[in-house]
Amino acid sequence: MLAVFDKSVAKSPEALQSPHSGTLSALKDGVLVHHFSSVHPGSITVDFGSAGLVACSLDKQNPLLPRLFAVVDNIFCLFQGHIENFVLLKQQYGLNKTANEAVIVIEAYRTLRDRGPYPADQVVRGIQGKFAFIVYDSTSRATFIAADADGSVPFFWGTDSEGCHLVLSDDDEILKKGCGKSFAPFPKGCFFTTSGGLRSFEHPLNEVKPVPRVDGSGQVCGANFSVDRESKRESVGIPRVGSAANWSSNF
């Protein structure tokens, strides 16, 4: 799977950017998505114009960690892995028997967006299993991205040389093509949103801080992010103002 988002949609952490990445642009001339398509024949690409794009392929996938793609009401989800409490979550969200894991994640996002205020960390923590997912709401231009607590699914994020685009994929070679050395594994047990940035759903009260990642040649390659047990996040209450309110700007 592949997702590229403009910084106006999802601003990449500055710590991901390496001074040794050269001049790479993730969306310029469609080079990255064409490379993805050549590596993964039969892939599906959805272009959101200046906001970015998502692409998915069933080619070369791990049968134990399958990829899924779903769209509901202009909300797009790329999902890889499996959810252990699948049946329970379908009942919780009132979904029909045909709903798959990607649809469950979309419904979890819609719960945060439309029916809040629910803590986002609580919603992600309620998804049990091995997973990584990318959600993009094209109506509100909002992202919702997460990886399980054990980092069971290969999942990487990075930024191009100008810091203009956030790139995500399950293939580190795709990141190298689009980001050079400015990439790293997506932090396990964490989620990222357009409005809130990177947070831990395992330790929601603690800050997530970067540690420079160094390759075999001694050059900085982005950063690994981990929970700082010593620092605490500010607790900000969200007042309820009606069940129809859009909470996506607050989680």
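**Reading the sheet and its helices**

Analyst: Six strands form an open sheet in the order E2-E3-E1-E9-E8-E10, with antiparallel pairing; strands pair if DSSP finds at least two bridges between them, and the labels are DSSP runs numbered from the N terminus, helices (H or I) having at least four residues and strands (E) at least two. This is a predicted model, in which local features need pLDDT of at least 70 and side-chain atom pairs count only at pLDDT 80 or more, while totals for chains, interfaces and linings use all residues. Residues are numbered from 1 along each chain as its sequence is written, and side-chain values use heavy atoms, with hydrogens and water left out.

User: Which strands stand at the edges of the sheet?

Analyst: Strand E2 (44–47) and strand E10 (183–185) do, and each has a single partner strand, so one side of each is left without a neighbour in the sheet. Direction ignored, neighbouring strands are turned by 15 degrees against each other on average.

User: How many bridges join strand E1 to strand E9?

Analyst: Strands of a sheet pair through backbone hydrogen bonds, either parallel or antiparallel. Here E1 (residues 2–6) and E9 (residues 165–169) run antiparallel and are joined by five bridges, with Asp6 standing opposite His165 in E9.

User: What does helix H1 touch on the sheet?

Analyst: H1 packs on the sheet against E1, E2, strand E3 (52–56) and E9, where contact means heavy atoms within 4.5 Å. The direction of H1 makes about 175 degrees with that of E1; axes are lines fitted to C-alpha atoms, for helices over the stretch in contact, and angles run from 0 to 180 degrees between N-to-C directions.

User: At what angle do the axes of H1 and H5 cross?

Analyst: The axes of H1 (residues 31–39) and H5 (residues 172–179) come within 10 Å and cross at roughly 155 degrees. The two helices are therefore roughly antiparallel to each other, a term for angles over 145 degrees. Val31, Leu32, His35 and Phe36 in H1 meet Ile174, Lys177 and Gly178 in H5.

User: Where is His82 placed, and which residues does His82 touch?

Analyst: His82 lies in strand E5 (residues 75–83). Leaving aside residues up to four places away in sequence, His82 touches Leu64, Leu65, Glu101, Gln128, Gly129 and Lys130. His82 counts as partly exposed because its relative accessibility is 26%, which falls between buried (under 20% relative accessible area) and exposed (over 50%), with a 1.4 Å probe and protein chains only.

How values were computed:
Parallel < 35°, antiparallel > 145°, perpendicular 65-115°, else oblique.
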